[in-house]
Amino acid sequence: IVLTVFVGVFSIVQLSKVNDLSSDIADNWMPSTRALLEMKSSMSRFRQQEVQFSTSINQDDMAFYEKGLTEGLERWKKNRADYEKLITLPEEKAVYQDYAKNMDLYGLEHKKIAAAVRSQREGTDALMRGESQRLFREMMTLIDKMVTLNVAGSEAASDMADKVHRDGRNLIIGILVICVLAAVALALSIARIVSKPLSEAVRVAQAVAGGDLNSRI
């Protein structure tokens, strides 16, 4: 009974550990990766719109692309807010801080580009190909690093879940074998305890039946 209770409690604990690890993958690592990829997609669309905006030659084009830029920036802000809630690793936080700094600088460059486009000044192309382009590429690289960290975290959680399952299974099998052996040993012991006095009783009964009334039991 003690071994059975131990197996039950141990199984529940191991199942809880596996559940926690699977929940960590589903509630942390996967949402983080998804938010980062959506951030990357939003920034890519934003950059495309920015390129189109920088080559606008009339007010209608400017208004159209400015609207797209505003919408893209809002999507990026939402994705960024979702991701910020899920940052857990110290190295991930450090990379994100670098990304946030680059994003702030990129925003300043975008304002310069927007001002140049609206005033129809020359040099817009140089602004697009200069610091703005460098910052954009750096941000894409940093996002890739954060994605890599989250994928690695998910894989580590999966590997740990596999290990917990494997170790728990092996221990449970071992305990079950012990339970079976203990049950067999107890059954044989009980059988001997019961059969020995019964055999003695049969012997005495046979002696009495043979006319020997001196037997004691």
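Q: What is a salt bridge, and how many does the structure hold?
A: A salt bridge is a side-chain nitrogen of Lys or Arg within 4 Å of a carboxyl oxygen of Asp or Glu. The general idea is that side chains of opposite charge can pair when their charged atoms come close. In this predicted model, the structure holds 9 salt bridges. Let's go through some of them together.

Q: Which side chain meets Lys78 in a salt bridge?
A: The partner is Asp82, and the N to O distance is 3.2 Å. That counts as a salt bridge because the cut-off is 4 Å.

Q: Where do Lys78 and Asp82 lie?
A: Both belong to helix 2, which covers residues 59-84. They are 4 residues apart, about one turn of the helix.

Q: Is Lys78 buried or exposed?
A: Lys78 counts as exposed because its relative accessibility is 54%, and exposed means over 50%.

Q: Which residue forms a salt bridge with Asp167?
A: That is Lys163, and the closest N and O atoms of the pair are 2.8 Å apart. Both residues sit in helix 5 (residues 131-209), 4 residues apart, which is about one turn of the helix.

Q: What is the relative accessibility of Asp167?
A: Its value is 36%, so Asp167 counts as partly exposed. Lys163, with a relative accessible area of 40%, is partly exposed too.

Q: Which side chain does Glu200 meet in a salt bridge?
A: Glu200 pairs with Arg203, at 2.6 Å from N to O. You can find both in helix 5, where they are 3 residues apart, about one turn of the helix.

Q: How do I read the accessibility of Glu200 and Arg203?
A: Look at the percentage for each residue. Glu200 has 33% relative accessibility and so counts as partly exposed. Arg203 has 44%, and therefore counts as partly exposed as well.

Q: Let's turn to Glu109. Where does Glu109 lie, and is it buried or exposed?
A: Glu109 lies in helix 3, made up of residues 90-118. Its relative accessible area is 11%, so Glu109 is buried; the cut-off for buried is under 20%.

Q: Which residues is Glu109 in contact with, leaving aside its neighbours within four places in sequence?
A: With those neighbours set aside, Glu109 is in contact with Glu131, Ser132 and Leu135.

Key:
Residues numbered from 1 in each chain as written. Predicted model: local features only at pLDDT ≥ 70, side-chain atom pairs only at ≥ 80, totals over all residues. Heavy atoms only, no water. Helix = DSSP H or I, 4+ residues; strand = E, 2+ residues; numbered from the N terminus. Buried < 20%, exposed > 50% of the residue type's maximum accessible area, 1.4 Å probe, protein only. Contact = heavy atoms within 4.5 Å.
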